[in-house]
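User: Hi! Could you help me look at the charged residues in this one?

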Amino acid sequence: MSDPVDVPIEDEIIRLGQFLKLANLIDSGAEAKTVIAQGLVRVNDEVELRRGRQLHAGDVVALAGSKVRVTSG
């Protein structure tokens with residue numbers, strides 16, 4: 001995998017499901033629920049099964065060969 005792409009957020013935290021959509025890794029909240037429940041999403045190189053996981057600047061999310069990093073906007 002290549003270096004993560006930076007995706008800025010407006011607040012200090014964002015929930016994983018919202019961030020997946022913001023980063024254009026998925027198309028809908030329902031899709032977020034599915035890919036997370038299937039164990040396809042990794043946060044900081046660990047499988048994450050909680051859609052409500054709070055992400056902060058510096059966290060790296062990976063899904064289907066794409067890596068994105070949370071940055072403060």
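This is a predicted model: local features need pLDDT of at least 70, side-chain atom pairs count only at pLDDT 80 or more; totals for chains, interfaces and linings use all residues.

User: How many salt bridges does a search of the whole structure find?
Analyst: Three, where a salt bridge is a side-chain nitrogen of Lys or Arg within 4 Å of a carboxyl oxygen of Asp or Glu. One of them pairs D6 with R69 at 2.7 Å, N to O. D6 lies in strand 1 and R69 in strand 7 (residues 66-72), so the pair ties together parts 63 residues apart in sequence. Strands here are DSSP runs of E, at least two residues, numbered from the N terminus.

User: And which residues does E48 bridge to?
Analyst: E48 meets R50 at 2.7 Å and R53 at 2.7 Å. Shared partners join E48, R50 and R53 into one network.

User: Is E48 buried or exposed?
Analyst: Buried, with a relative accessible area of 6%. Buried means under 20%, exposed over 50%, and partly exposed in between (1.4 Å probe, protein chains only).

User: Switching topic, what does the side chain of D59 reach?
Analyst: The backbone nitrogen of H56, at 2.8 Å. D59 is buried yet has no salt bridge; the nearest side chain of opposite charge, R53, is 4.6 Å away. Lys and Arg count as positive and Asp and Glu as negative, while His and the chain ends are not counted.

Technical notes:
Residues are numbered from 1 along each chain as its sequence is written. Side-chain values use heavy atoms; hydrogens and water are left out. A polar contact is a pair of N or O atoms within 3.5 Å; within protein, one must be able to donate a hydrogen and the other to accept it, and residues adjacent in sequence count only if both atoms are side-chain atoms. Helices (H or I, at least four residues) and strands (E, at least two) are DSSP runs, numbered from the N terminus.
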